[in-house]
Amino acid sequence: MSWDWNYVVDVLPALLDGLRITVVATLLGSLVALVLGLVFAVLMRGPAPVRIVVRALVEFVRSTPLLVQVFFLFFVLPQFGVTLGALVVGVVALGLHYAAYNSEVYRAGIEAVPRGQWEAATALSLPRSRVWTGVILPQAIPRVLPALGNNVISMFKETPLLIGIGVLDIVGQAREAGNTSFRYVEVYTIAGLLFLVLSYPAALLVRRLERRVGSI
Amino acid sequence: MGDVGTWLQVLLLGLPATLIATVGGIVLTVVLSFVAGLALLSPSRAVRVISRVYVEGLRGTSEVVQLFWIFFALPVLVGFQIVPIWAGVLVLGLNHGAYGAEIVRGAVQSVPREQYEGALALSLSPVQRMRRVILPQAVVEMLPPFNNLFIQLLKSTALLSFVFVQEVTRQAHDVLIPAFNPYVFPILLLTLAFYLVLSLLITAGMRALERAAGRRLGRGAVPVG
């Protein structure tokens with residue numbers, strides 16, 4: 001069975017359509033992860049009960065497979081009367097999973113802000129919210145941008161496991177096409193190349209950013 | 001409440017496959033990490049380029065795609081099908097080995113230059129230099145990131161349910177959920193707990209290795225992070 005370029009041309013629109021879903025899931029999932037991760041990181045510096053609960057949740061999410069978490073949300077939410085589409089469930093699961101990872105990244109950035117900054121902000125009797133938004137976060141976040149970027153790229157490569165709940169991303173489309181044409185070599189090679197074409201330049205960009213801000 | 005004992009039994013049927021995939025994947029990951037990681041530091045440009053292509057190629061594509069490629073596309077090219085569990089071990093090892101290679105490279109490069117110079121001054125051969133001086137110090141640096149990598153690998157074994165491996169996730173999804181649908185909440189919580197316990201075991205093992213490797217260097221208590 002040799003490589004069939006005509007078939008590649010035929011199947012490419014479906015794969016690109018899948019790519020659109022993959023990119024949408026990654027962007028929305030990352031948005032959730034960036035915001036929720038920051039919330040987790042700030043709460044981890046809060047009073048003891050909150051800190052402990054958030055810490056435990058983050059450890060739990062990081063220690064268990066994303067695929068099982070996806071199944072969990074997909075099957076359990078409807079029992080509580082929440083019925084969401086597969087893609088939405090996927091975005092929430094990706095967002096929550098990577099929020100756990102991002103919270104660790106933010107935490108490292110927050111801890112790298114010198115103590116004196118906290119003390120100065122307190123001496124100026126800034127309100128707590130202003131200490132975060134005006135003093136700590138503007139210093140913490142730029143340093144962790146490369147690490148956050150890496151997590152976006154990781155998420156991009158993990159979105160295909162949403163095929164487990166029927167999302168037709170790149171791999172979902174490739175599987176559908178392959179199952180009817182049996183041209184597995186073409187569909188999965190193109191699928192892999194599509195990932196590489198987007199993620200490799202993104203990784204190079206993040207590495208350049210890393211050199212500029214210096215990693216922590 | 002449903003029958004927790006039955007669920008546990010059904011999930012346990014998947015445990016051997018999950019364990020084989022995890023342990024096999026870890027062994028292959030360690031081997032590939034060292035081979036590719038040291039190759040990234042090779043004086044030969046050709047060796048460095050080959051290793052770099054492997055590392056970037058595997059890190060740049062998705063693990064699910066790699067799994068499907070080995071499982072569905074490779075048989076078309078070579079004419080035979082790999083047993084699903086071994087296809088899984090192969091993909092887990094190849095994928096995580098690419099990440100591990102960067103860990104090995106980084107750790108070896110983090111050993112202070114003076115250590116190379118000292119070993120050179122003692123006229124140790126290049127192999128002795130690596131084996132007796134550089135690697136024992138580098139390994140201590142590698143263990144914490146390898147712990148994270150192995151937990152990632154454990155979590156990735158759930159993907160093998162896509163290629164018909166009867167591991168824990170597949171047992172939950174294909175056997176328990178259809179049979180005990182009203183109880184998906186406790187069933188999936190139990191499934192997650194399974195992986196949590198395995199993660200904690202990996203971490204405990206790696207912490208023990210960290211202490212052992214630290215003692216070997218005469219460093220006594222290694223700060224537990």
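Predicted model: local features only at pLDDT ≥ 70, side-chain atom pairs only at ≥ 80, totals over all residues.

**Confidence.** I number residues from 1 along each chain as its sequence is written, with chains lettered from A and ligands numbered from 1 in the order in which they are written.

For chain A I noted a mean pLDDT of 94, with 98% of its residues at 70 or more. Within chain A, helix α5 (residues 115–123) has the lowest confidence, a mean of 93, while α4(A) has the highest, at 97. For the complex, the predictor gives an ipTM of 0.91 and a pTM of 0.92.

**Chain A overall.** I found eight helices and zero strands in chain A. Helices (H or I, at least four residues) and strands (E, at least two) are DSSP runs, numbered from the N terminus. The C-alpha trace of chain A spans about 75 × 45 × 25 Å along its principal axes. Of its 216 residues, 39% count as buried; that word needs 20 or more other C-beta atoms within 10 Å of the residue's own, with 12 or fewer meaning exposed, anything in between partly exposed, and the C-beta atoms placed from the backbone. I also checked contacts (C-beta atoms, placed from the backbone, within 7 Å). Among those in chain A between residues at least 6 apart in sequence, 80% join residues at least 24 apart.

**Chain B overall.** Chain B also comes to eight helices and zero strands. Its C-alpha trace spans about 70 × 50 × 20 Å along the principal axes. Buried residues make up 40% of its 225 residues. For contacts between residues at least 6 apart in sequence, 77% join residues at least 24 apart in chain B.

**One residue up close.** I picked Phe40(A), which sits in helix α1 (residues 5–43) of chain A. Why does Phe40(A) count as buried? Because Phe40(A) has 23 C-beta neighbours inside 10 Å. Not counting residues up to four places away in sequence, Phe40(A) touches Val54(A), Val58(A), Ala99(A) and Ser103(A). I also looked at Thr133(A), which is 93 residues from Phe40(A) along the chain; their C-alpha atoms are separated by 15 Å.

The expected span of a helix is 1.5 Å times one less than its number of residues.

- α4(A), residues 86–111, has 26 residues and should span 38 Å; its end C-alpha atoms are 37 Å apart, which agrees. α4(A) bends by about 30° at Ala100(A).
- α1(B) has 36 residues and should span 52 Å; its end C-alpha atoms are 50 Å apart, which agrees. α1(B) bends by about 35° at Gly14(B), and Pro16(B) follows within four residues.
- α6(B) would span 45 Å if it were a straight helix of 31 residues, but its end C-alpha atoms span only 37 Å. α6(B) bends by about 50° at Ile134(B), with a proline, Pro136(B), following within four residues.

**What α6(B) packs against.** Buried residues of α6(B) include Ala138(B), Met142(B), Phe146(B) and Phe150(B). The buried residues of α6(B) pack against α2 (48–63) and α3 (66–76) of chain A, together with α1 (4–39), α3, α4 (84–110) and α8 of chain B.

**Where the chains meet.** How many residues of chain B are in contact with chain A? I get 28 residues of chain B against 29 of chain A. On the chain B side, α2 (45–60), α3 (63–78), α6 (126–156), α7 (168–179) and α8 (184–216) each supply at least two residues. α3(B) gives the most, with nine residues. By type, the chain B side divides into 18 nonpolar, seven polar and three charged. Here Ala, Val, Leu, Ile, Met, Phe, Trp, Tyr, Cys and Pro count as nonpolar, Asp, Glu, Lys and Arg as charged, and the others, Gly among them, as polar.

**The core.** Of its 109 residues, Val70(A), Tyr188(A), Ala191(A) and Phe68(B) touch the most other members. Leaving aside its neighbours within four places in sequence, Phe68(B) is in contact with Val171(A) and Tyr188(A).

How values were computed
Contact = placed C-beta atoms within 7 Å. Bend = angle between axes of the 7 residues up to and from the residue. Core = buried A, V, L, I, M, F, W, Y, C linked by C-beta atoms within 7 Å. pLDDT = per-residue confidence, 0-100.
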